[in-house]
Amino acid sequence: MIEVNSLTKQYAGRTAVDGLSFTVEAGQCVGLLGPNGAGKSTTMRILAGYLSPSSGTARVNGFDVFHDSIKARRSIGYMPENAPLYLDMRVNEYLHFRGALKGLRGRELRKRGIDVMEACGLTASRRKIIATLSKGFCQRVALADALISRPPLLILDEPSNGLDPLQMRHIRELLAELRPQQTILLSTHLLGEVEQSCDRVLLIHRGQVCADDTPRNLVRKLRAATDVKLELQGQGPFEEELAKISGVRKITERKADGEWRRFTLRVEARADIRAVIFEVALQRHWHIRELHRELPSLEDVFVELTEGK
Amino acid sequence: MRILITLFIKELRSLFFSPVAWVVLAMVMLINGFSFRAAVAMLESGPQASSIVALTFFSRWFWLSYFFVFPLLTMRLFAEERKLGTFETLFTAPVHSWQVVLAKFSATMFFYCLLWLPSLGNFHLFQFMTKGASEIPQGQIIGSYILLFFLGLFNIAAGCFASALTSNQIVAATLSFTISLLHFLLGVFVLYLGQQVPPQFASFVHYFATVEHIPSFTSGLLDTRPLVYYSSLMVVFLVLTHHVLEFRRWRL
Ligand SMILES: Nc1ncnc2c1ncn2[C@@H]1O[C@H](COP(=O)(O)OP(=O)(O)O)[C@@H](O)[C@H]1O
Ligand SMILES: [Mg+2]
C-alpha cells in the first residue's frame, strides 16, 4: 500500500527526513512513533502530496505521490496535525463540501455524509458551526472527512494530540472499529497510543527509522532502562562506589549544588537499586538529600537507542 | 468541472458569510451615491461636455472605491486558508492548484460584478426622474461597465497573487493595494510630466493609463487594446498565483 524509498526532505538546508525507507502492506495499522521534530508530519505531508520530497520516491496504492499526485491523493484519507477546518461552516456542510471535492455526487454523497457522521459520533452536532466545537469534536470532524470517500489508506497525523483522556479513548475506539478493514498510518509521540492501536511501529528519530518492530517488542526495549537521580554529600570517591552496585550502566554527574554532588544513574529497569544505594550511603556515612527513580522520557530512550548504533 | 463548481460555490458562500463583503458592498454603494450626486451637481451647475456616465466615473469619488475594493475582497482568499491550516486539507484533496485559483478568482469576480449592479440603478432612476429629458446613450453605459469589468479582472488577479504570498491578511491587502496604486501611478505619470517626455514614450505609457482609458470607454468607445492589456495582466497574475501555490512542491 505504501512504499517509501530513501525519502529525504530538506527545509532550507535543514534535514527533516533523512533517507527514510519502509513499506506498509494493505490491512496493516502502522504507527510512526517519534519525539516532536522527528519528521513524522513531514513524511506524512509528502505521502499526502502536500510537499515534494527533496530526493527519493514514495508510492501509495501504486501511484507515485509526486508524479501521479492526484491519483495517489484519491487513495488517501489524510488528517493533518491539529485538524484544520473552516470555522464558519456547519459540520454537515463541511463534510458535504469535502465529499464533493473528493468526487462523491448526489445520493452517494449524502449517504456517505450521514454514515461518517454516524461512525464518528457527530450526528447530534451535525448542524453546529465548527467554530463552536471542542477540540475533540474537531478531531472527529477531520477524521470523518478523511473517511468520507472510503479511501483504501488512512494517514492520521497525531489523531489524539491535545485531547483529554476521555476524548482520546473515543478516538482510539473509533480507530479500533476501523482497523480490521483499513490500512492505517498514524503518527504519535505517545508510547501508549501505539501500544493500543497498532500492529507495527516505526520508531523515527531525526528523520531516520531507528526501529521497526511490533509494539510489544518495542515497549520491552524502551522500558529497558530507567534513571535514578541522587544528591549526596560526604567522603568520596562516589563514582567508584556507585559503579560497584550491580545494575548500574552509566553514571553521569550533574552540576553540583554547593557541597551537594548530584548524579544520574542509568540502571536496568528490572533492578530497583534505590534500597541498595541507601545501604551503601549508610556504610560510607554519606548524607542523602535526594534519591528518586525517573522513568525515562521517550526522548532519552531515543538518544540511547541511536547512540547505541 | 464539477470540482471547479464545488469550489466556486464554497468560495461564494464564505464571501457572503464574511462581514467584509457586506461592508464593501455598503461602502461602494455609499461612494457611488456620492459620486452620482457630484455628477448631478455638475450638470445642475451648467451645460457639460460629457454625459452623466462620464462625470460619475471620472469623479474623485470613483477612485476611492477603486482602491479599497480590491484589497478588501481578495485579502482573505489564500491568506486565511494558510492561517487556518486548511491550505493543507485543501491541497491534499484530489484537486489541482489551478482549479482552486480559478474558483477563488471567479467567485470574487462574481461578487465584484454584483457590487456595481446597484449603480446601474442610479442611471435608470435618473432617467426616470427626469422623465427621459436627459438622454443616456446605451453605448456609454455598456462601455463604462465593460471597462469596470476588465479593471476588475486585472486587480482581482493581482489581489489573488498578493494573498497567496502570505498568511497575513493585512500584508496581503497592503501588497494588493500597492500593486493597484503603482499601476495607477504609472498611468498618471505621463499626465504630470506632460511635454517633457518623447511622444513615443508617452504613447507607450498610454497602455498602463487607466485614467486615460476611462474617457474613451465612458464615451462609448470600445478600444480593444486596453481590454487585451488588462486580460493579459490577469493571466500573468493568475499564473503567478498558481506557481506560488505550487512552490511548496518544487524540488529545490
Ligand atoms: N515548513 C517548515 N520549514 C522549515 N522547517 C520545518 C518546517 N516544517 C517542519 N520543519 C522542521 O522539520 C523538522 C521535522 O518536523 P516535523 O515533521 O513537523 O516533525 P514531527 O511531526 O515529528 O514533530 C523539525 O525540526 C521542524 O522544525
Ligand atoms: Mg508533527
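Ala, Val, Leu, Ile, Met, Phe, Trp, Tyr, Cys and Pro count as nonpolar, Asp, Glu, Lys and Arg as charged, and the others, Gly among them, as polar. The model is predicted.

Q: How do you know how the shell around ligand 1 divides into nonpolar, polar and charged residues?
A: The residues around ligand 1 are A:Tyr11, A:Arg14, A:Ala16, A:Pro35, A:Asn36, A:Gly37, A:Ala38, A:Gly39, A:Lys40, A:Ser41 and A:Thr42. Sorted by class, they give 4 nonpolar, 5 polar and 2 charged residues.

Q: What makes the approach of A:Ser41 to ligand 1 a polar contact?
A: The cut-off is 3.5 Å between N or O atoms. A polar side-chain atom of A:Ser41 lies 2.6 Å from an oxygen atom of ligand 1, so the pair qualifies.

Q: How much of ligand 1 does the protein bury?
A: Taken alone, ligand 1 exposes 560 Å², and the protein buries 65% of that.

Q: Why is the pair B:Glu88 and A:Arg45 called a salt bridge?
A: The rule asks for a side-chain nitrogen of Lys or Arg within 4 Å of a carboxyl oxygen of Asp or Glu. The N to O distance between these side chains is 3.0 Å, so the pair meets the rule. The count between chain A and chain B is 3 salt bridges.

Q: Which elements of chain A give two or more residues to the side that touches chain B?
A: They are β4 (55-60), α2 (69-74) and α3 (91-101). The most comes from α3(A), with 6 residues. By class, this side of chain A has 18 nonpolar, 7 polar and 9 charged residues.

Q: What is the extent of the contact between the two chains, in residues and in buried area?
A: Chain A brings 34 residues and chain B 26 residues. The area buried between them is about 2900 Å², with 57% from carbon and sulfur atoms. Of the area that chain A buries against chain B, A:Tyr50, A:Tyr86 and A:Leu101 supply 25%, more than any other three residues.

Notes
Residues are numbered from 1 along each chain as its sequence is written. Chains are lettered from A and ligands numbered from 1 in the order in which they are written. This is a predicted model: local features need pLDDT of at least 70, side-chain atom pairs count only at pLDDT 80 or more; totals for chains, interfaces and linings use all residues. Side-chain values use heavy atoms; hydrogens and water are left out. Contact means heavy atoms within 4.5 Å. Buried area is the accessible area (1.4 Å probe) that two parts lose on being put together, summed over both. Helices (H or I, at least four residues) and strands (E, at least two) are DSSP runs, numbered from the N terminus. A residue is near a molecule or strand if one of its heavy atoms lies within 4 Å of it. A polar contact is a pair of N or O atoms within 3.5 Å; within protein, one must be able to donate a hydrogen and the other to accept it, and residues adjacent in sequence count only if both atoms are side-chain atoms. Accessible areas come from the Shrake-Rupley method with a 1.4 Å probe; for residues, only the protein chains shown count as cover.
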